[in-house]
Amino acid sequence: MRSWRTAVLPPLLAIAFAAVLSSVALLISGADPLEAFGTMGAQLFKGTTAVDTVNLATVYYLAGLAVAIGFQMNLFNIGVEGQYRFAAVVAAIVGGALALPPVLHTLAILVVAVFSGAFYALLPAILKVTRGVSEVITTIMLNSIVFGIVAFLINPDQFGVLQGNNVSTKEIEPSGWIPGIPLGDAGTLFGAVLLAAAVGAAYWFMLNRTRFGFELRASGESPTAAAAGGVSAKKMTMTAMLLSGAVAGLIAMPELLGRDHVYAMTATQGYGFTGIAVALLGRNHPAGIALGALLWAFLDKSAVSLEQIQVPREIATIIQGTIVLSVVVAYEIVKRADLAAEQRRVGRASRNGRPATVAEGGAV
Amino acid sequence: MSTTVDPTPSRPPVTGPAGPPKRRIPGWARGALWAVGAIAVLSTTSYLTGMNTLTSSSTAQTALRLALPILLAALGGLWAERSGVINIGLEGMMILGTWGAAWGAFYGGVWAGLLAAILFGGLGGLLHALATVTFNVNHIVSGVAINLLGLGVTKYLANLVFEPLSGNPRQSPPVPKFDTYSATVLSDWLGELEDAQRVGISDAAGLLRGLITQVSPLAMIALLLVPLSYLVLWRTRFGLRLRSCGENPVAAESLGVNVYLHKYVALAVSGGLAGMGGASLVLLPGGADYLENQTNGRGFIGLAAMIFGNWRPGGLLGGAALFGYSDGLQLAGGGEAVLALCYGAVLLLGVIVVVQLVRRRWLAAALALVGAGVLYYIYWANEELPDDLIPYTPHFVTIIVLAVAAQRLRPPRAIGARYRRGEGD
């Protein structure tokens, strides 16, 4: 049974704690915390910030989902970072080379992205299952190697195109784009917002309404019980890792098909690591991850405004790091408090309010 | 983190009273054997391919410089994981160390810098202890958060402190570096030997010479910390207690060991060592001053080196040497040298094939043979490897080595497990 307290209180506590801690940091550097937070909040209503936030949150949401799939069975796919960048560069190259009618083109690019993301997760999965190599180490190494692979593939000697000073992949034809949703002066919303929502719904359905989802959660919560129930741990590890990689393949798609249409060396990195934080914040729940993604995107986008009042924007990174740590600590504290309350309640109910005797485990 | 234990231990079944215990080669002798074997393979390779860079003194010198941060991070990982706490936050503690080193060195000289780096890293370690030991947070989650925080805090501090001094928030002003010392007489003699270009002797001389010329005090301290960690962790009462916290905290508790305290101490030391690792990026001659993102995943590579070393000080020294060497080689020799390394790997795999055939492990022998064939094809078919991929040689080496070595590893038993005082069963 999960009360509303265990679900909602910890994130709120964590955000409050992060606000306090960053206020201290702000005071030390001689800035007014209220002014800083006020500026960040006001920024949301200026120009295209609100839409930009939602657009960025779309990306973070997909990243969070990719990580959450692994978390469901205690698999730590820190390699989402590498998987999405590999998928992005491969999808951009294939998309640039293809000439297909509109919807088919987009679908083809998405399929390529999904498969390349899963492919990049294949090696850690195989090594984990057959050799017992920690997926954390292999995926970290592959995260670094992906820099080399992207540089190699984008190199004009291979598939790259030189445009001015920037090397990037060949531009994808408009038939492959995902059209945006124009909102007037507020900017253009990525069409991929719908894609992300669909993936979120599919994630929820898979976990709660399918046998596979049940087995996945079971092997995460109790590997021994799952094994006794006939679930092959190796098969689940393999599938969870590949699924996680497949979703990771989609992370770059909103920006690639909705805004950039090319993948360049200068493309933003780090979405995979953000995904870890967002998945933690959302407790692997599809709705929670969405809220976490929005919060994270808001902090990122509104931090820019801090420079107007001479506050280093890195304060946003500190807030983010504090939130991650305090959210897990807060969950633990609330869980312990709940447990203690539960024990007291059960104790009172079973003895009609009398204190426990020594034989029942009470105090002497 | 996953466990890397072999599901089917290949220990022969014990039947009847066991005979006299089999004499095992002591650890230091095995290490020496490995070193001799590695030099033999390298010198054969450099003889057969004509690549002198493989065993030149400059390669060894670069390798030592590059291995230091990895070695120190790996030692930090050893302390943490032996006490039962997974420390993936080494990277963040290293980043804190780089800032501390630059800040301390700028205002108080190199030793102050080193001290500040240790303090900053130690603070990160204590934060990790607070989260994982006191609040029972998942160790990996806390580690990731510390990596985030380490980056954020240093960026913020660099903005605050370094920008007025250097005009660049991503970089510190130039800081003093450690002096270096060489064993001149020995070094000159080895230099003559190296120039003589005799197979084997010259190669060993070259590698040795690189290790004894222009060595900084920090390098000596780091190398001394390996046997020191061994002595403390394996030869003292405190070390036994610390390791028992990592093997079975409930049993340790029943013997009156304060598990929380030991884990806190272990993590403070772990963070301090990681901070020192950060300092070795900043304070060594030839290294950059504080630079944003200069650790570049070395904390993680250190963790991999420790796993490669089977959670033992000698083993992690070997792991750090391997990664430092492959990094130094690609810097000193580029693509051709890495290709030559492929050739060396073919030789090594050839030896493995023979060994496995003698042991009648047909599958392992066949796999090694296939690997050797593939590597030889790469060597034979390419003039040089793509430039973009060369810098990632250490990462490739890590994956390959772990894939080959991982099955005989034994991590501390209670690693990553939840523990609360009085709740054991």
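Is B:R418 buried or exposed? I looked it up, and B:R418 is exposed at 51% relative accessibility. The cut-offs I use are under 20% relative accessible area for buried, over 50% for exposed and partly exposed in between, with a 1.4 Å probe and protein chains only.

**Ground rules.** I'm working on a predicted model, where local features need pLDDT of at least 70, side-chain atom pairs count only at pLDDT 80 or more, and totals for chains, interfaces and linings use all residues. Residues are numbered from 1 along each chain as its sequence is written, chains are lettered from A and ligands numbered from 1 in the order in which they are written, and side-chain values use heavy atoms, with hydrogens and water left out.

**Salt bridges.** I take a salt bridge as a side-chain nitrogen of Lys or Arg within 4 Å of a carboxyl oxygen of Asp or Glu. B:R418 is in one of them, with A:E332 at 3.5 Å, N to O. A:E332 belongs to helix α14 of chain A and B:R418 to the segment after α14 (393–405) of chain B, so this pair joins two chains. A:E332 is buried, at 6% relative accessibility.

Next I checked A:E255 and A:R259, whose closest N and O atoms are 3.7 Å apart in a salt bridge. Both sit in helix α11 (residues 253–260) of chain A, four residues apart, about one turn of the helix. For helices I go by DSSP runs (H or I, at least four residues), and for strands likewise (E, at least two), numbered from the N terminus. A:R259 is partly exposed at 46%, while A:E255 is buried at 10%. I also noted A:K128 with A:E135, at 3.1 Å from N to O; A:E135 is buried, with a relative accessible area of 2%.

**Chain A overall.** I count 14 helices and four strands in chain A. Its C-alpha trace spans about 80 × 60 × 35 Å along the principal axes. Of its 364 residues, 53% are buried. In helix α14 (residues 315–351) I picked out A:Q320, which is buried at 5%. Leaving aside residues up to four places away in sequence, A:Q320 touches A:W296, A:L299 and A:D300; contact means heavy atoms within 4.5 Å.

**Rings in chain B.** My pairing rule takes rings of Phe, Tyr and Trp (its six-membered ring) with centres within 6.5 Å; planes under 30 degrees apart are stacked, over 60 edge-to-face, and the rest tilted. The count is 17 aromatic pairs over all chains. One of them is B:W99 with B:F120, tilted, at 5.3 Å centre to centre and 55° between the planes. Both are buried, B:W99 at 3% and B:F120 at 18%.

I then went to B:S172, in the loop between α4 (139–166) and α5 (184–195) of chain B. B:S172 is buried at 4% and, not counting residues up to four places away in sequence, touches B:A102, B:F162, B:S166, B:D289 and B:Y290.

**Charges over rings.** Here I need NZ of Lys or CZ of Arg within 6 Å of the ring centre and within 35 degrees of the ring normal. A:R283 lies over the face of A:Y331, 3.7 Å from the ring centre. In chain B, the charged end of B:R312 sits over the ring of B:W234, at 4.9 Å from its centre.
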